[in-house]
Amino acid sequence: MTSQNPINILAFESSCDETSVAVVQDGKTILSNIIATQIKSHQRFGGVVPEVASRHHVEQIIHCTQLALQEAHIKYEQLAAVAVTYGPGLVGSLLVGLMAAKAVSWAHDLPLIGVNHLAGHIYAANLVKPLQYPALALVVSGGHTELVRVSAPGQFHILGDTRDDAVGEAYDKVGRLLGVKYPAGKTLDQWAHEGQDTYDFPRAMLQEDNLDFSFSGIKSAVINTLHHAQQIGAPINKKDVATSFQNDVLDILVTKTKRALAQYPCAQLIVAGGVAANSGLRERLTAELTPQVELIFPPLRLCGDNAAMIGAYAAVAYQQRNFSDLTLNADPSLDFAYQTED
């Protein structure tokens, strides 16, 4: 990629409840990144309703595309390719983005690049600084908690993942119990810095010889603690619950990450996904892993779902000529392969 011939990629992201369209140049410069959030529409339900999300994507996708091109001062003839998330995610939501991207690809004779949503989260780090290989990524979001080895550009292997709830799911479920509106992560993180660690919740799978996670047990322990207190009329300090919950979650995440770094040494640790915005996680990793490894945290605006991260990874696929055809379909359960050997 050269400055004389910039590679401008129009990217679409609609895997869940954010409609986003971006223009990214050379995989590292954001020319525009339009995000239409649906949080208020889903708050009354306590979580994302797939059909509601799909309808909002249909309403917003064209407008977001127009805004992305206008803000980037880019015309269709200046684009090199069109990229789109095709999984994992909600199937109806994915299909809206796919149809929009295919329409642009076909109408303007542009290559189509299908992008794994998780690869996008990881390559959001490339918008901060160039990645060095091999790298380790801790992917933490509402739907995923994984340790992923990035051995080379576009080569991903799972070292460990969650057996049940993802860490973001656990935050939202505990938040609902404590009366916090969806999404609960930001509020619980704030409370965790204001309360005391007074509850002994389980730290699952820390002693097991693997890199997998489990957060269902800690969620259930919080439920039982709150129900028991209610039955006996005991007072509950919500901020203390949040502090104890977050400290236990961070113990699990940090311990497993340190174990992965010991088994698979690398120069960089990428923290990716919506929970990468958690200040407690950033503080713990920085305190315990610096200067052992270079930490890359995307800026807060790039931690959640956004199209710029899809464009960042799409530049790698473009260089490798890894294009899709118009038969590309949504894959709601898409994931990386597992690491099979050291």
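A pocket here is an open set of grid points with protein on both sides within 12 Å along at least five of seven lines, and its lining residues have an atom within 4 Å of a point. With that in hand, let's look at this predicted model.

**The largest pocket**

The largest pocket is lined by 43 residues. Nearest its centre lie Gly142, Tyr182, Pro183, Gly274 and Gly304. The space inside comes to about 1,500 Å³.

| Kind of lining residue | Number of residues |
|---|---|
| Nonpolar | 16 residues |
| Polar | 17 residues |

The largest share comes from H5, with six residues.

**Helix H10**

Is H10 mostly covered or mostly open? It is mostly covered, with 12 of its 13 residues buried. Among the buried residues are Met309, Ile310, Tyr313, Val316 and Tyr318, as well as several alanines, including Ala307 and Ala308.

The two ends of H10 are worth a look in your viewer. At the start of H10, a side-chain oxygen of Asn306 comes to within 3.1 Å of the backbone nitrogen of Ala308. After H10 comes Arg321, which has a positive phi, near 55°.

Note on methods: Residues numbered from 1 in each chain as written. Predicted model: local features only at pLDDT ≥ 70, side-chain atom pairs only at ≥ 80, totals over all residues. Heavy atoms only, no water. 1 Å grid on protein atoms, 1.4 Å probe; cavity = no way out; pocket = protein on both sides within 12 Å on 5 of 7 lines; lining within 4 Å. Points joined across faces, edges and corners; volume = space filled by probe spheres on them. Helix = DSSP H or I, 4+ residues; strand = E, 2+ residues; numbered from the N terminus. Nonpolar A, V, L, I, M, F, W, Y, C, P; charged D, E, K, R; others polar. Buried < 20%, exposed > 50% of the residue type's maximum accessible area, 1.4 Å probe, protein only. Polar contact = N/O pair within 3.5 Å; in protein donor to acceptor, adjacent residues only side chain to side chain.
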